[in-house]
Amino acid sequence: MLRVENLSKRFGGVQAIQDCTLQVKEGTITGLIGPNGAGKTTLFNVITGFNKPNAGRVFFKEEEITGLQAFQIFRRGLFRTFQITREYKEMTVLENLLLIPRDQIGERLWSAWIRNRSMRTQEKKNIEKAMEILRFLEMASKKDMPAKYLPGGEKKLLELGRMMMVDLDMVLLDEPGSGVPPFLQNKVMGYIRKLSHERGLTLFVVEHDMNVIMNLCTPIIVMTDGTKLTEGTPKEIRSDQRVIQAYLGEPDTQEFEK
Ligand SMILES: Nc1ncnc2c1ncn2[C@@H]1O[C@H](COP(=O)(O)OP(=O)(O)O)[C@@H](O)[C@H]1O
Ligand SMILES: [Mg+2]
């Protein structure tokens, strides 16, 4: 589904991604882990067109997408989630689903969206679709509530729900568990699984919480110093000495060795 070949990205003197090669298979929930600063977020940004690479190539559904703009990549069915920003917290839950936030996908994509989907004439259909998603998330009763009043985990669900308003083939999730209170963790993880199983969405997930990643993802790709260190099943990764070594000195090491 996704293939990254010899990708590199530099920020001034910092080599954020260094000759990185990896693949994500269709239909998987593939995990991406690695110490802080390993380049995971940068990799996501380069894949989805929010950063331009200095070298290397990216292929999505066998077509090269290297260097395309975020809105062009979005149109091909690949996007990443973003946190709900302050502005959107003021809007209701339902309104959040009806708008693809323009500052997150860029003005050009926004106008392309309006033009292509002719949102005004489609509004009724969109509301139906949004309500269907809210029922799926068990949040229908909160449709008129300003998003800012949702607990952290339900904000996360809403972020994921927004991705369901558009027909994507693959979504990149950067830390879907962060800020989610423990009692909502299972619901968020359950929803991610549902997206994978029922919609056939391919997911590529960066997550700090080892429990989450080990329970949710197969395979898991480990990234260190801007490149892929190894890849394997949760069991293989957990017992890989190189991986444990890479995490030495990281606060998560204890967690990892459990
Ligand atoms: N916009 C940027 N400008 C300068 N340096 C950056 C930028 N984004 C990331 N970096 C640097 O690139 C490296 C990788 O960062 P990042 O991709 O955020 O890692 P991770 O998500 O794995 O923690 C880090 O050294 C970080 O400081
Ligand atoms: Mg990051």
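These questions and answers cover the aromatic pairs, ring-facing charges and the open sheet of a predicted model.

In this predicted model, local features need pLDDT of at least 70 and side-chain atom pairs pLDDT 80 or more, while totals for chains, interfaces and linings use all residues. Residues are numbered from 1 along each chain as its sequence is written, chains are lettered from A and ligands numbered from 1 in the order written, and side-chain values use heavy atoms, without hydrogens and water.

Me: How many aromatic pairs does a search of the whole structure find?
Reply: Rings of Phe, Tyr and Trp (its six-membered ring) pair if their centres lie within 6.5 Å; planes under 30 degrees apart count as stacked, over 60 as edge-to-face and the rest as tilted. Searching the whole structure gives an aromatic pair count of 4.

Me: Is the pair of phenylalanine 44 and phenylalanine 204 stacked, tilted or edge-to-face?
Reply: Phenylalanine 44 belongs to helix α1 (residues 40-47) and phenylalanine 204 to strand β8 (residues 202-206), 160 residues apart. Helices (H or I, at least four residues) and strands (E, at least two) are DSSP runs, numbered from the N terminus. The ring centres are 5.2 Å apart and the planes stand at 50°, so the pair is tilted.

Me: Is phenylalanine 74 buried or exposed?
Reply: Buried means under 20% relative accessible area, exposed over 50%, partly exposed in between (1.4 Å probe, protein chains only). Phenylalanine 74 has 7% relative accessibility, so this residue is buried.

Me: Which residue's ring lies under the charged end of arginine 3?
Reply: A charge sits over a ring if NZ of Lys or CZ of Arg is within 6 Å of the ring centre and within 35 degrees of the ring normal. For arginine 3, the charged end is 4.4 Å from the centre of the ring of phenylalanine 59.

Me: Which are the edge strands of the open sheet of 6 strands?
Reply: Two strands pair if DSSP finds at least two bridges between them. The sheet has mixed pairing and the order β6-β7-β8-β3-β9-β10. Pairing on one side only marks the edge strands, β6 (78-80) and β10 (227-232).

Me: What is the bridge partner of glycine 31 in β9?
Reply: Strand β3 (residues 29-33) runs parallel to strand β9 (residues 220-224), and 3 bridges join them. Within β9, glycine 31 is bridged to isoleucine 220.
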